[in-house]
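Hi everyone, thanks for making time this morning. I'd like to walk you through one model, a few residues and helix pairs at a time.

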Amino acid sequence: MLYNLLLPSPPAPAKVFDQMASSAAMDLSLLNPAAMRRHAASARPRVAPSAAAALGRRVVRFRVAASSSGTAAGAKPAAKKRGKTEIQETLLTPRVYTTDFDEMERLFNAEINKQLNQEEFDALLQEFKTDYNQTHFVRNPEFKAAADKMEGPLRQIFVEFLERSCTAEFSGFLLYKELGRRLKKTNPVVAEIFSLMSRDEARHAGFLNKGLSDFNLALDLGFLTKARKYTFFKPKFIFYATYLSEKIGYWRYITIFRHLKANPEYQVYPIFKYFENWCQDENRHGDFFSALLKAQPQFLNDWKAKLWSRFFCLSVYVTMYLNDCQRTAFYEGIGLDTKEFDMHVIIETNRTTARIFPAVLDVENPEFKRKLDRMVEINQKILAIGQSDDIPLVKNLKRIPHIAALVSEIIAAYLMPPIESGSVDFAEFEPQLVY
């Protein structure tokens, strides 16, 4: 899973879009967990989107501004069609990421980089090849029955949860698949791990998209691949952000799984029963990015690394906290207190991250949570302005002081005394899952 960050979206070259779009289009069959069993049926004519709508399922597309520089060159703005649901793009909407693939090739060229520990990557590759979850994501009649029972605000917020989660997983699939393709000649072992990670992310995205079908919806992932804005991150930022995303995904999933196992009366939808094995995939992915960081000690052993480590910790934590506090109905629907859940996840993720990052935030300082809560209050005011009947100019003027206050709180949280952590001297690698 690639977690969203509170960052702007600089454009990526159209060539990158074309490469990733064509690569993903060839492998969209991965998004169906039962694709291998129905391979023979794949040659049948596809149902057109209009026909799908007539059958009662709406295809959810993402609205992309026609003037966006992040849209593939020559692409025309998608016309709105009947039966299609548009998702509003906001600062907190999950993004699709890309990177400098040429630099990635240089970083993992064993002839150039003598820091690469191929034995560690070989051990990780065996973990991924085992594919512990190959037969895990199998649906049953409970899914549709549970969806039919869900009503009101919980149903609406649950659909949004599936949409956002599917987008995040699919974003990981696109990035990892392209990295696997580009690194084949430079470092076949690392390339194969990326390809197997894309397999995992595709499986997760497909499982979530199948869940949307229980609510008579489906994400148009082909459209998402070609028309969505891509956020460009330098390789070292991909390492920081993706490591955090995978580890925070692990702690979110395992926490929800344990809670619902202890409180089965809140098991409103069977997808949560799959979270234990699911989070093992997230953990393995995080371990791989830990190995990637160790192979590039320049990203861990100087003052700049400490600043960037804290920055990405804060970005991920704040984004999750603000996102979740907008969706308390979801967490209350499964018997969780949103803020308590988030703080538990943040603290555990921070403790895990401290094993590799040279500096982390002092999230267990009560003042850190107070700052997060003030950010939530400010963000709610910004949202309220957006929902008012004022003209856009007036809305923007009203937002300015609140945005300034939000930025001030974020900077104050960043400047809190950090915790020195991590080390470039690591124990012998032992592939294992940490619970």
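**Starting from one aspartate**

Let's begin with Asp214, which is buried at a relative accessible area of 3%; buried here means under 20% relative accessible area, exposed means over 50%, and partly exposed lies in between, using a 1.4 Å probe and protein chains only. Before I go on, a word on where this comes from: it is a predicted model, where local features need pLDDT of at least 70 and side-chain atom pairs count only at pLDDT 80 or more, while totals for chains, interfaces and linings use all residues. Residues are numbered from 1 along each chain as its sequence is written, and side-chain values use heavy atoms, with hydrogens and water left out.

So, where does Asp214 sit? Asp214 lies in the loop between α7 (188–213) and β4 (217–219). Those labels are DSSP runs numbered from the N terminus, with helices being H or I of at least four residues and strands being E of at least two. Setting aside neighbours within four places in sequence, Asp214 touches Arg139, Phe143, Lys144, Ala147, Asp148 and Tyr269, where contact means heavy atoms within 4.5 Å.

In that loop between α7 and β4 you will also find Asn216. Asn216 has a positive phi, near 60°, and is a residue other than glycine. Is Asn216 buried or partly exposed? Asn216 counts as partly exposed, because its relative accessibility is 37%.

Now look at α7 itself. Its 26 residues should span 38 Å at 1.5 Å a residue, and the end C-alpha atoms are 37 Å apart, which agrees; the expected span is 1.5 Å times one less than the number of residues. Of those 26 residues, 22 are buried, so α7 is largely enclosed by the rest of the structure.

**Stepping back to the chain**

How many helices and strands does the protein chain have? There are 15 helices and seven strands. The protein chain has 435 residues, and buried ones make up 53% of them. Among contacts with a separation of 6 or more, 86% are between residues 24 or more positions apart.

Next, helix packing. Two packed helices are described by the angle between their axes and the distance between the axes. Here the axes are lines fitted to C-alpha atoms, for helices over the stretch in contact, and angles run from 0 to 180 degrees between N-to-C directions.

First up are α4 (residues 118–130) and α10 (residues 275–294), which pack at about 165° with axes 11 Å apart. That angle is why α4 and α10 are roughly antiparallel; the cut-offs are under 35 degrees for roughly parallel, over 145 for roughly antiparallel, 65 to 115 for roughly perpendicular, and oblique for the rest. On the α4 side, Glu120, Phe121, Leu124, Glu127 and Phe128 meet Arg284, His285, Asp287, Phe288, Ala291, Leu292 and Lys294 of α10. By type, the residues of this α4 and α10 contact are six nonpolar, one polar and five charged, counting Ala, Val, Leu, Ile, Met, Phe, Trp, Tyr, Cys and Pro as nonpolar, Asp, Glu, Lys and Arg as charged, and the others, Gly among them, as polar.

While we're in this part of the chain, Asp131 sits in the loop between α4 and α5 (142–149). Asp131 has a positive phi of about 50° although it is not a glycine, and Asp131 is buried at 12% relative accessible area.

The second pair is α14 (residues 366–386) with α15, packed at about 165° with axes 9 Å apart. The helices α14 and α15 are therefore roughly antiparallel. Their contact residues include Met375, Ile378 and Ile382 of α14, and Ile403, Leu406 and Ile410 of α15. In total this α14 and α15 contact has eleven nonpolar, two polar and seven charged residues.

Ser408 is also in α15, and is partly exposed at 44% relative accessible area. Ser408 and Met375 are 33 residues apart in sequence, with their C-alpha atoms 9.5 Å apart in space.

Last pair: α11 (residues 303–325) and α15 (residues 392–414) have axes that come within 10 Å and cross at roughly 130°. That makes α11 oblique to α15. Leu307, Arg310, Phe311 and Leu314 of α11 make the contact with Ile410, Ala413 and Tyr414 of α15. These residues of the α11 and α15 contact divide into six nonpolar, no polar and one charged.

That's my tour, and I'm happy to take questions.
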